[in-house]
Amino acid sequence: MQKLLIITQTILLGIFLSVGAQAQAVKNPGVLVHAADDEATTLDPAQVEAGEGGETVILQVYDRLLEFGPSGPQLIPGLASTVPTIANGMISEDGMTYTFKIREGVVFHDGTDLTADDVKFSWDRIVEMDLPEGQAGVIADIVADTKVIDDYTFQVTLSGPSASFLNSTVVSMAASIVSQDAVMANGGVVAGEPNEYMAQNVAGTGPYKLKAWNRGENILLDINENYWGENAKLAARIEIGAEPDVRVLGLRAGNYDTIETDPSFVADIEGADGVTLHTGGLLLEPIHVGFNLNIPEGSLPKEDTIPTDFFHDPRIRQAFNYAFDYDAFLYGPLAGFGQFNPHYLPIGIFGHDADAPVYGAQDKAKAEALFREAGYWDKGFSVSVITEESNLFADAALVLKDSMEGLNPNFRINVLAVAEAVFDEAHAQNPIEYAMWVKNADPFADPHPYMSAYQHPDGEWGEVHGFANGYRNPEKVAELIDGASIELDVDKRAAMYSELQRLLFDDPMWLITAQEGVTMAYRSWVKGFQMNPLWPRPSLRFAYLDK
Amino acid sequence: MQIRDYIIRRLLVLPVLIIGTSIIVFALTRIGGSPIGIYLSHEMNPAEVQEMKERFHLDKPVPVQYFYWIKGVTQGDLGWSGVASAPVVDVFPKKFAATMELAIAAGIVAVSLGIALGTFAGARRNKLADHIIRVVSVSGASMPLFWFAILLLIIFWVWLGWFPIGRSDPNLFEAIPHPTGFYTIDALLAGNFAAFRDAVWHLIMPAVALGYGATAIIARMMRSSLIEELQEDYVDAAKAKGLAERVVLKKHARRNALIPTVTVIGLTFGFLLQGTVVAEIIFRWPGLGRWMASAVLRGDQATIMTYVMFTSILFLIVNLVVDIIYANLDRRVVLGE
């Protein structure tokens with residue numbers, strides 16, 4: 001028995017000593033180990049979807065003509081040596097022509113030299129391929145013509161004046177510059193068909209080269225020693241597929257340097273030795289509840305009792321906005337990390353008016369008054385809301401259910417939490433066969449894509465949801481959005497967005513539950529930590545980091 | 001009927017059974033809805049969705065979809081895995097090898113430890129060692145795998161840093177060719193001892209977690225069989241002959257006690273394969289279980305179809321082999337009548 005005690009004591013002492021010892025040492029020296037949330041589906045800029053895991057890698061291995069700097073929305077030169085402005089003559093007076101001076105001496109990972117031909121080829125390629133999963137529209141919707149002036153000068157003519165071209169097109173991951181030689185030697189360009197080589201390999205100029213992609217395990221990135229700018233300090237390894245709890249444990253143990261997580265894990269990370277929690281700023285993807293004003297007759301789930309024109313009445317949409325328990329969502333699933341933003345410009349985006357009215361507090365009295373006016377308070381209703389299961393969107397749907405059913409027992413919200421694939425299929429319908437759904441917005445760097453996609457009566461969602469059926473003055477909304485998109489005077493443009501935010505408060509087309517706060521955790525030994533929400537998730541450029 | 005004729009007849013029927021199974025499985029997966037969702041993103045508009053349907057022939061009626069699928073299978077194309085973002089045919093062998101490697105390693109842990117502990121306890125019935133091993137066995141059989149796995153992970157990965165998670169050090173893994181897909185075997189074939197050590201090092205924690213439950217079952221079976229054997233007359237006779245206690249135990253009693261234990265060992269392999277799903281998720285092991293769990297949750301029908309067809313064909317073949325073995329072992333079995 002005594003022997004057993006001695007052995008046990010020795011083992012315990014060993015455990016404590018080794019725990020103490022490891023707290024000091026930097027693990028995995030020379031390599032940044034990032035634990036990612038999901039796997040990339042493709043590494044081809046012409047195929048990648050906005051916001052998916054492939055963009056994380058494309059940001060590191062490709063360059064664009066311009067880039068967002070380490071903090072905020074200011075643009076810095078990328079493969080273009082200068083940021084075009086009207087003042088420097090690289091934007092024409094009418095705002096239709098942009099000229100880019102291409103950096104000389106830049107070499108692709110395959111050893112070929114970068115010229116303006118590669119730039120034109122890259123932009124034309126995505127438009128010609130026009131893959132449904134890709135982002136061809138980022139270029140095709142705004143660019144009328146691309147032209148090579150000489151080996152190091154590239155010119156773009158727009159289809160109309162645009163105040164957002166540089167901020168939303170040029171910096172997009174889809175507009176990354178690829179090696180023409182590498183593409184043509186490996187499948188070339190075929191309209192409507194993905195390029196298998198490009199989906200799995202990299203032909204860029206970025207600070208990292210792809211070393212290996214072990215699917216479901218990791219992606220290994222080597223430092224590009226011939227990079228035209230400052231070389232990356234650490235090689236990088238993206239670990240794929242660890243469960244959220246395992247990522248947190250791995251970070252605490254020092255096995256991971258940076259992890260992707262969400263506010264629900266903050267309590268597990270706060271105060272941990274050697275771990276820094278970064279909570280500054282907000283993500284640019286407000287979580288919203290969609291109101292469908294274009295419901296096909298007979299398509300709703302049988303439990304739903306609402307008429308198909310239920311959301312045509314602005315009082316109903318306002319009442320939902322007043323009824324939602326914003327605090328329950330912010331201090332529950334978001335753990336306090338988030339804010340409320342006006343319709344529909346996230347905080348941090350140009351044109352956001354801090355003084356614009358915001359739905360950010362539950363007002364049951366106003367909600368009741370509006371439902372009474374609309375004639376639904378006494379007779380009640382039942383409506384279904386579809387969402388993905390087991391995530392923040394499902395949480396938002398449940399808060400909506402509690403809010404509405406707590407407001408009036410005659411109200412019934414059926415939360416249909418389904419698998420992501422099922423939700424995506426339902427969400428991609430036109431018209432959508434559900435009255436309400438929960439998701440987040442796509443992130444943009446300029447106000448126009450938000451307004452165009454989410455508010456314009458003829459925009460992407462305006463058309464699907466039938467906003468023209470519900471706006472009090474759809475022409476006015478359209479006029480302001482269209483006008484702001486081509487207004488090059490910064491102050492006038494900001495004033496137009498300010499007016500829109502006030503207009504849309506009174507005539508909401510969405511219920512915006514919150515703008516989620518940034519919650520990022522990393523080992524304290526990581527130096528030079530920079531995070532910009534305008535970069536694709538997890539909003540890190542590995543080349544800036546050291547340890 | 002001669003065995004040869006029987007085998008030929010069964011082999012001729014096999015393709016019919018496989019095609020029949022594939023029709024049933026295909027129809028069942030489609031009853032769950034169209035597989036298109038896995039290929040979509042929430043940004044896509046209806047026109048883009050239609051393009052994706054055309055790309056994967058999902059705009060066609062289900063029988064035509066089946067035709068495209070079976071045509072693809074005959075050309076070695078098992079479809080595109082939305083979860084793995086790669087052709088199923090590229091991913092499946094790697095994942096299968098990873099899972100088999102883990103299950104076999106767990107089996108080795110379970111069998112070696114189970115027999116050793118069972119023998120040790122059985123030979124020391126009602127002594128301290130027996131009590132301790134009984135506690136270990138009961139806890140192994142009753143502890144949920146996910147809980148034990150997380151416990152191991154916290155102690156040996158987070159606190160002590162002795163064992164890694166995942167399957168390999170990527171640099172070592174990349175340094176060798178992978179003809180078999182079994183990292184341990186590939187490392188040996190390449191003569192790369194560092195890679196072999198890395199493979200074993202990564203296997204230890206998930207194999208122990210997975211094998212512990214089976215260890216407990218085997219140890220308990222071994223103990224009780226051994227105790228029974230030790231009470232037999234031939235043991236007394238052996239002792240009376242003057243044989244040493246160790247020789248009686250190892251050469252006589254343990255040998256006989258192994259017979260029922262081996263039956264249990266066979267059954268536990270199925271238990272180990274089933275447990276790989278949990279172990280792979282917790283230890284980030286890139287195997288079939290984790291892949292399949294994601295495929296089911298996300299509706300990745302190409303992957304599910306391949307897995308179900310693979311296990312069905314395996315089952316058909318194993319059944320055939322078992323029938324033949326039975327006929328060989330016991331001539332009273334009449335084939336094909």
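The paragraphs below go through chain B as a whole, then its helices, and then the charged side chains of chain A. The model is predicted.

Chain B contains 13 helices and two strands. Its C-alpha trace spans about 85 × 65 × 40 Å along the principal axes. The chain has 337 residues, and 44% of them count as buried. Among contacts in chain B with a separation of 6 or more, 72% are between residues 24 or more positions apart. As for charge, chain B carries 30 positive and 25 negative side chains. The centres of these two sets are 7 Å apart.

Helix H12 covers residues 288-298. Its buried residues are Leu288(B), Gly289(B), Arg290(B), Trp291(B), Met292(B), Ala293(B) and Ala295(B). After H12(B) comes Gly299(B), which has a positive phi near 70 degrees.

Helix H6, residues 145-159 of chain B, takes part in a nonpolar surface patch and gives the most to it, with four residues. The patch has an area of about 430 Å² and consists of Phe146(B), Trp147(B), Ile150(B), Leu151(B) and Val278(B). Ile150(B) is located in helix H6 of chain B. With a relative accessible area of 35%, Ile150(B) is partly exposed.

Asp151(A) sits in the loop that links strand S5 (143-150) to strand S6 (153-158) of chain A. Its relative accessibility is 47%, so Asp151(A) counts as partly exposed.

The remaining charged groups to consider are paired ones. Side chains of opposite charge can pair when their charged atoms come close. Over all chains, the structure holds 27 salt bridges. One of them joins Glu67(A) and Arg541(A), with 3.4 Å between the closest N and O atoms. Glu67(A) belongs to strand S2 (residues 66-68) of chain A, while Arg541(A) lies in the segment after strand S18 (520-523) of chain A, so this pair ties together parts 474 residues apart in sequence. Both Glu67(A) and Arg541(A) are buried.

Another salt bridge is formed by the side chains of Arg237(A) and Glu239(A), at 2.5 Å from N to O. Arg237(A) has a relative accessible area of 17% and is therefore buried. Glu239(A), at 6% relative accessibility, also counts as buried.

A further pair is Asp313(A) with Arg315(A), whose closest N and O atoms are 2.8 Å apart. Where do the two residues stand on the scale of burial? Asp313(A) counts as buried at 19% relative accessibility, whereas Arg315(A) is partly exposed, with a relative accessible area of 28%. The cut-off for burial is under 20%, so Asp313(A) qualifies at 19%. Elsewhere in chain A, salt bridges with shared partners join Arg64(A), Glu67(A) and Arg541(A) into one network.

Terms used:
Residues are numbered from 1 along each chain as its sequence is written. Chains are lettered from A and ligands numbered from 1 in the order in which they are written. This is a predicted model: local features need pLDDT of at least 70, side-chain atom pairs count only at pLDDT 80 or more; totals for chains, interfaces and linings use all residues. Side-chain values use heavy atoms; hydrogens and water are left out. Buried means under 20% relative accessible area, exposed over 50%, partly exposed in between (1.4 Å probe, protein chains only). Contact means heavy atoms within 4.5 Å. Lys and Arg count as positive and Asp and Glu as negative; His and the chain ends are not counted. The place of a charge is taken as NZ of Lys, CZ of Arg, CG of Asp or CD of Glu. A salt bridge is a side-chain nitrogen of Lys or Arg within 4 Å of a carboxyl oxygen of Asp or Glu. Patches are made of residues with over 30% relative accessible area and no salt bridge: like charges are joined within 9 Å, nonpolar side chains (Val, Leu, Ile, Met, Phe, Trp, Tyr) within 5 Å. Accessible areas come from the Shrake-Rupley method with a 1.4 Å probe; for residues, only the protein chains shown count as cover.
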